Amino acid sequence: MGLKLKITVTSLLLLLASAVDVSGNTIFDVTKHGARTDVSGDTIFDVTKSIEKGFTKQCRREDDEKMVLKFNIMVTSLLFLLASAVHVSSDTVFDVTKYGAQADGVTDLSQALLKAWGEACSSSVASTIVIPGGTYALGQTVIEGPCKAPINFIVEGTLRAPVEANRFKPGKGWISFQRIDNFSLSGGGVFDGEGTTVWGKHCPVQDYCNELPINLRFDFITNGMVKEITSKDSKQFHMNVMGCKNLTFYNVAISAPGDSINTDGIHIGRSSGINISDSKIQTGDDCISIGDGSQQINIERVTCGPGHGISIGSLGKYKNEEPVVGIRVKNCTLTNTDNGVRVKTWPASEQGSASEMHFEDIVMDNVSYPIIIDQEYCPHNHCNLKSPSRVKLSNASFRNIKGITSTQVAIKLICSQGVPCQQVELSDIDLKYNGKEGPAISQCKNVKPTLLGVQLPRTCA
């Protein structure tokens with residue numbers, strides 16, 4: 001197995017080197033940055049760090065930030081491919097049923113799960129925790145590092161949250177993963193938040209219901225992968241990402257009715273290198289929402305709807321918000337959503353900024369307001385619109401966005417009078433409206449966008 005593992009690692013390193021060569025960058029020798037061919041479960045992540053060290057050095061010479069972002073995605077994928085190879089030979093498996101877990105839908109899994117986690121987290125070799133098929137009850141749980149070695153967390157069954165909201169501590173998640181490095185969550189399982197009894201009832205509809213639990217919280221996770229799981233009927237946000245670095249969501253499913261309150265699919269804040277791809281999100285609020293401090297966020301091949309679209313913001317509500325930089329949304333489809341791709345900031349706001357926001361190759365199917373910049377965002381009409389937003393928006397592009405708008409206003413660019421939008425580009429826009437009011441139109445304020453290619457409707461005309 002040791003020889004096979006060495007061959008696998010060597011092949012993967014050569015594959016990565018080939019990818020780098022195709023992109024036009026100089027191939028670097030990873031052995032010059034500390035990599036060794038005698039890979040084991042203990043040293044596997046040293047190999048990937050050696051690769052990243054050498055590649056980042058090369059990219060700095062070429063001043064190519066985009067290539068660094070692409071490489072981060074490749075490193076994350078490589079890391080878990082390597083981890084899978086090591087798993088065959090060296091992982092220690094912790095099955096929660098060996099610790100007393102019962103798949104009866106009644107017995108609380110928490111104690112058995114935390115025992116298994118404690119042993120896995122203290123292990124000096126890569127470990128796998130398994131929750132087998134079946135239905136398990138699970139109370140509010142914090143799964144916390146740091147751990148001594150990589151951990152794969154595999155959920156094959158269905159986990160059900162307590163129905164009663166009073167069984168949760170306010171402001172906490174149902175399941176929280178915290179301060180873990182080199183972590184993966186997968187298995188095809190379902191996280192059922194049992195939210196149907198509280199939507200719009202536990203809190204007033206107009207209020208953000210902070211005391212209700214988020215299904216899955218990821219706090220300060222570094223080098224992680226979440227793939228092939230389902231979040232269902234969360235009481236509040238489905239997934240919250242805070243303070244994370246290099247975390248990828250792949251082939252995840254999020255499901256809640258269109259009228260479920262405050263059930264954002266994935267919310268990101270103060271994190272960098274977050275990648276969401278090949279996922280399906282159906283919910284009652286933003287499919288993906290991006291808060292302050294988010295940097296280098298990549299969203300691709302996501303289907304959204306029902307929901308409120310894919311949003312940056314809202315920004316400017318609180319003091320000391322951090323800049324948003326480098327958001328890329330590409331090859332996504334939105335269906336029957338209340339908004340399309342959107343940037344939103346509060347009027348009378350605190351100071352802030354958002355830049356390098358790019359939306360490209362988006363299909364709109366019966367979407368209200370497909371393209372929006374709204375710096376007068378005021379969802380409940382309790383704002384001072386006489387005082388402009390102080391969040392500066394710059395370098396934003398909307399390219400190759402096509403489909404059907406359900407509102408006559410297809411493009412809405414409402415920028416701040418105090419800090420007008422800068423460097424806004426619309427290219428190849430083709431949005432049709434079939435209502436009786438007439439063809440699709442645009443609304444513009446405090447912005448002079450650059451227009452390229454097809455413009456339907458004509459923007460800011």
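These legends accompany several close-up views of one predicted model.

**View 1. The chain as a whole.** The chain holds 4 helices and 30 strands, where helices (H or I, at least four residues) and strands (E, at least two) are DSSP runs numbered from the N terminus. Of its 461 residues, 53% are buried, a word that here means under 20% relative accessible area, with exposed meaning over 50% and partly exposed in between (1.4 Å probe, protein chains only). Taking contact to mean heavy atoms within 4.5 Å, 75% of the contacts between residues at least 6 apart in sequence join residues at least 24 apart.

**View 2. F218 and the largest nonpolar core.** A nonpolar core is a set of buried Ala, Val, Leu, Ile, Met, Phe, Trp, Tyr and Cys residues joined through side-chain atoms within 4.5 Å. The largest one has 88 residues, and F153, F177, F218 and F249 have the most contacts inside it. Leaving aside residues up to four places away in sequence, F218 touches residues including F177, L185, M239 and F249. Apart from this core lies another, of 5 residues, among them V198, W199, L212 and A256.

**View 3. G134 in its loop.** G134 lies in the loop between β3 (127–131) and β4 (135–137), and is partly exposed, with a relative accessible area of 33%. Not counting residues up to four places away in sequence, G134 touches A103, G157 and T158. The C-alpha atoms of G134 and G157 are separated by 4.7 Å, although the two residues are 23 apart along the chain.

**Notes.** Residues are numbered from 1 along each chain as its sequence is written, and side-chain values use heavy atoms, with hydrogens and water left out. In this predicted model, local features need pLDDT of at least 70 and side-chain atom pairs count only at pLDDT 80 or more, while totals for chains, interfaces and linings use all residues.
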